[in-house]
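Here is my note on the structure. Please read it with the model open beside you.

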Amino acid sequence: MSEQETVYKIIGKATPRIDGPAKVTGKMQYTSDIMLPGMLYGMVLRSPHAHAEIISIDTAEAEALGAVCLTYADINPIVYNERSVSIPAATYRDRTVLPAKARHFGEPIAAVAAASEELAYQALQLLKVEYKVLPAVFTPQEAMADGAPQLYEQIWLGEEKVAVKNNIGVIRNIEEGDVEAGFAAADRIFEHTFELGRVYHDQLETKGAVCAPEADGSLTVWCTAQSIHANRQLLGRVLGLPLSKINVKKLPLGGAFGSSIQVNTVTPICACLALKAGRPVKLISSREEDFYSHQKYPSVFEVKLGVAGEGRFTAAQVKCLVDFGAHQVQPLPYMGCVAGWFASLYRYGPLRFLGTAVYTNKVPCCAMQGYGNPQINFAIESMVDIICEEMGWDSVEFRLKNHRGVGDEFWGQGPTIRSIIKSCGVPESLTKGGEIFAWKERRPHTEKSGRYRKGIGVARGFHTSGTGGPKEGEVIDYSSCMVKINEDGSVDLISALMDHGGGTWDAMAKIVSQTLQVPMRMIGLSPTDTRNTGYDVCTHATRGVYCGGAAVLYVTNKVKEKLLEYAGRILFEHPAALEIICDEELGQGVIFAKNYHQKSITIGEVAKIAQINSWGTIAYTDSYRQRNCPPCFTTHFLEVEVDTLTGEITVPKALLYGDCGTVINPVLIDGQLIGSFNRGLGYTVYESLDVDQKTGELTNKGLLVDYKTPTAAEMPAAENVLVHWTDTYEPSGPFGAKGIGEAALASVQAALANAVYNAIGIRFAKLPITPEVVLAALRAIDN
Amino acid sequence: MAKQEIKLTVNGKIYHLEVAPNEILLNILRDKLFLTGSKYGCGIGECGACTILAGGRSYLSCLIPAVAADGWEITTIEGLAKGEELTPLQQAFIDEGAIQCGFCTPGMVMTATALLNENPDPDEEYIKDYLRGNHCRCTGYIAIVKAVQAAAEKQRQG
């Protein structure tokens with residue numbers, strides 16, 4: 001064996017998940033598994049009206065039953081936004097823990113806590129609420145009409161009061177270059193409108209919290225969260241407690257997809273109940289309540305693209321209308337991001353984005369895998385297909401020629417966070433993907449007939465890796481961690497970075513393992529909390545590996561410096577003359593004098609000697625900010641089969657091509673791409689949330705059985721799900737890695753819709769493309 | 001409501017419990033026996049996260065009143081492994097990357113265990129159809145199907 005082959009390399013290896021045994025034996029503890037002595041059960045009373053003044057709430061009977069009750073009168077009426085990822089000056093605030101006025105069906109109005117769930121439920125029935133029902137608005141058009149019922153008179157932007165007119169929450173217009181001149185130079189202008197409705201995250205673990213008042217006046221919190229520090233900060237403001245008196249525990253999360261970037265609505269309610277009761281309270285949302293908590297942003301896009309005969313764009317414009325519901329969980333950055341995803345797809349020349357986001361009496365919207373990226377990608381990648389079809393261009397060639405790639409600017413989080421692309425797998429994925437999928441042999445829809453018609457579609461997309469840029473913008477982005485070498489050579493990694501299930505923690509452990517040459521089994525991921533970790537903004541924006549991992553690498557390298565310095569003292573060698581090589585059998589990293597391996601010492605021995613000599617613990621803690629936001633790219637080649645008798649769309653074959661830079665763990669990359677394909681299939685052909693236009697109640701009433709998602713049975717045969725990743729290296733990423741999570745969904749929808757067009761010659765500009773929609777379109781052609 | 005005594009054998013241990021007629025088995029397992037591996041995902045039989053085994057067959061513990069389970073011999077996710085030794089199916093879930101957030105995993109493993117009890121040589125269609133009632137939002141199911149196939153293969157080889 002050569003020396004090179006003996007070097008321990010764990011980055012890129014398929015390694016079993018660290019949390020696998022705990023998860024597969026049911027031992028893993030999630031929020032809802034926390035039980036404390038004397039714990040009460042919390043429940044929330046939700047509004048049966050879409051819009052209503054709350055005149056009074058009589059809690060006497062519920063209290064007589066022994067329940068602790070919480071109403072607007074009990075809470076600190078501080079006005080906040082549940083999401084704190086953006087800087088305060090770019091954050092609209094419009095809500096309180098419980099409202100004085102109900103603004104959507106299912107909005108929390110009051111809460112109770114009692115000794116059992118049954119008792120809490122009984123108490124809930126005894127709350128007497130007097131409402132003054134107000135007229136409600138369910139569409140942006142209704143909401144913006146003069147004389148329409150107003151959800152708010154005034155809200156806050158940072159510390160400024162802002163008046164709300166015609167229910168318009170946010171207007172965001174962005175323009176670069178001379179757009180009119182660009183359109184004037186076009187040989188042809190294409191204009192189409194695309195519409196994507198509301199869908200639901202449907203993370204398996206419903207949102208919840210357990211809050212326990214402690215003897216020292218502090219509050220301990222276990223909750224579903226993508227950022228424990230965001231929860232602590234908001235609870236501090238709401239409860240009027242110093243942050244040192246609030247401790248939010250880091251727990252595994254049963255899926256998120258963006259649903260817990262913001263502090264979950266139930267968490268402050270639970271905290272207030274616990275403090276009022278002076279007892280621990282557990283408040284877990286039912287599935288039906290969870291449907292009423294947050295949903296994905298719907299969007300309508302009017303797209304206008306100018307093209308020149310030689311196969312390029314001359315100008316681009318997108319008008320975006322968003323119905324974001326009853327509270328702002330950040331439509332302002334949402335529209336900035338949509339503009340950024342739009343701008344970063346192609347080299348259009350001049351571009352314009354005109355965004356309007358409107359309050360309606362519906363469930364508030366929040367980020368859901370992509371933060372507008374799957375939405376705008378569906379519009380633009382459908383447009384590219386339309387343009388190429390009509391102009392007689394090959395759409396793969398067109399994409400290769402016009403995509404933004406290395407050297408171009410990428411907007412990682414709206415117009416204020418931009419960096420230059422340094423790695424790009426687009427050419428490889430389009431070219432090789434096209435070969436694998438026999439793209440050039442694709443036949444037009446006009447040559448297809450019979451009941452079952454197959455079609456092939458392609459689309460490409462991306463997402464950012466984190467929200468760092470060379471310049472700080474509207475979005476906060478940094479991570480913190482501590483790495484500590486123990487006296488037996490094992491290593492503790494202490495970080496607030498969250499893992500929703502994608503395997504972020506495994507990636508962190510691998511980065512430490514690789515850097516210090518310590519076997520994975522000797523790396524401990526500390527169960528930790530807000531008290532003993534530095535701030536971590538949130539696991540969102542596909543930043544876990546790229547930003548969180550970079551912080552871990554930075555800190556680990558500092559620890560390595562200290563380790564080699566101490567080892568040098570012991571071995572009488574200069575630290576630069578030392579190297580660490582993992583001895584897996586020994587379970588240790590071993591420090592050798594370079595080119596003189598007779599001289600060596602284990603990491604454990606160094607740590608022990610450092611302790612005995614009172615040199616100190618070999619540890620380091622710091623925060624670290626990435627100063628790039630590299631795009632991770634995806635390309636989807638998908639084959640669909642349309643049953644023209646039933647209208648059903650199935651997917652016989654899928655090629656999922658990802659560019660995540662260096663692959664940290666191939667199994668987990670496959671998981672991201674395949675899981676996202678499944679959710680994209682649901683988004684495209686099944687899922688939609690509608691409300692009763694009279695009451696504002698969800699027509700599925702919050703039931704999963706009336707909200708079809710793809711099951712195992714709707715997935716293609718395992719052998720026909722092909723996953724590939726490009727050979728790319730991101731110079732700014734830890735070991736060359738960037739993200740993948742949200743990119744994995746971005747282009748699924750357009751690829752499916754483009755494939756449907758190739759099968760039956762019908763262009764669907766509105767999702768979902770349900771069997772009913774397909775049949776209606778087929779009948780319209782027949783007539 | 002008047003409580004009544006029931007006897008449950010769970011993971012080989014016998015329990016005599018006082019339960020109300022409206023208490024569901026899932027809550028008894030979680031809150032009284034502290035077996036929190038069975039998960040609440042919907043409470044009305046939509047998602048499969050609460051799946052347990054009785055007599056080798058799978059049941060949704062959120063749909064069963066505890067009184068109706070009087071006398072049952074139940075296996076929960078906690079009862080599958082023998083000490084540290086995982087079943088071939090549990091190991092396959094880890095090896096094939098069939099776990100992400102892990103919240104559906106207990107129910108998924110229990111349903112797949114019942115599947116292999118019924119059919120030691122299932123093809124892909126059979127597996128996918130059998131797992132229809134178990135909802136996973138993370139993985140896209142392919143790795144789960146592969147895990148069941150790998151476990152079946154291993155089980156056949158003894």
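1. Is Phe437(A) buried or exposed? The model is predicted, and in it Phe437(A) has 6% relative accessibility. The cut-off for buried is under 20%, so Phe437(A) counts as buried.

2. Now its ring partner. The rings of Phe437(A) and Phe637(A) have centres 5.9 Å apart. Their planes stand at 35°, so this pair is classed as tilted. Phe437(A) sits in the loop between helix H13 (426-436) and E23 of chain A. Phe637(A) belongs to strand E31 (residues 631-643) of chain A. Phe637(A) is buried, at 0% relative accessibility.

3. Aromatic pairs overall. The count over all chains is 27. One of them joins Phe410(A) and Phe462(A), with ring centres 5.1 Å apart. The planes are at 85°, so this pair is edge-to-face. It also links distant parts of the chain: Phe410(A) is in strand E21 (residues 409-411) and Phe462(A) in strand E23 (residues 452-464), 52 residues apart. Phe410(A) is buried at 1% relative accessibility. Phe462(A) is buried too, at 1%.

4. An aromatic cluster. Six side chains make up one cluster in chain A: Phe313(A), Phe342(A), Tyr346(A), Tyr348(A), Trp393(A) and Phe398(A).

5. Salt bridges. Side chains of opposite charge can pair when their charged atoms come close. Over all chains, the search finds 45 salt bridges. Among them is Glu474(A) with Arg172(A), whose closest N and O atoms are 2.7 Å apart. Glu474(A) lies in the loop between E23 and strand E24 (479-485) of chain A, while Arg172(A) lies in strand E10 (residues 168-176). That puts the partners 302 residues apart. Glu474(A) is buried, with a relative accessible area of 16%. Arg172(A) is buried as well, with 9%.

6. Two further bridges in chain A. Arg543(A) and Asp536(A) meet at 3.6 Å, N to O. Arg543(A) counts as buried at 1% relative accessibility, and Asp536(A) does so at 3%. Glu409(A) and Arg418(A) meet at 2.9 Å, N to O. Here Glu409(A) is partly exposed, at 29% relative accessibility.

7. How many residues of chain B are in contact with chain A? The number is 47, and they touch 58 residues of chain A. The size of an interface is often given as the accessible area lost when the parts come together. For chain B and chain A, the buried area is about 4000 Å², with 58% of it on carbon and sulfur atoms.

8. Polar links across the interface. There are 27 residue pairs in polar contact between chain B and chain A, both residues at pLDDT 80 or more. Helices H1 (25-32), H2 (88-95), H3 (105-118), H4 (124-130) and H5 (142-157) of chain B each supply at least two residues of the side that touches chain A. That side of chain B divides into 23 nonpolar, 13 polar and 11 charged residues.

9. Charge pairing between the chains. Four salt bridges cross the interface of chain B and chain A. In one of the structure's salt bridges, Arg137(B) pairs with Asp202(A), the closest N and O atoms lying 3.8 Å apart.

Definitions and conventions. Residues numbered from 1 in each chain as written. Chains lettered and ligands numbered in written order. Predicted model: local features only at pLDDT ≥ 70, side-chain atom pairs only at ≥ 80, totals over all residues. Heavy atoms only, no water. Contact = heavy atoms within 4.5 Å. Buried area = accessible area lost by both parts, 1.4 Å probe. Salt bridge = Lys/Arg side-chain N within 4 Å of Asp/Glu carboxyl O. Polar contact = N/O pair within 3.5 Å; in protein donor to acceptor, adjacent residues only side chain to side chain. Helix = DSSP H or I, 4+ residues; strand = E, 2+ residues; numbered from the N terminus. Nonpolar A, V, L, I, M, F, W, Y, C, P; charged D, E, K, R; others polar. Phe/Tyr/Trp six-rings, centres within 6.5 Å; stacked < 30°, edge-to-face > 60°. Buried < 20%, exposed > 50% of the residue type's maximum accessible area, 1.4 Å probe, protein only.
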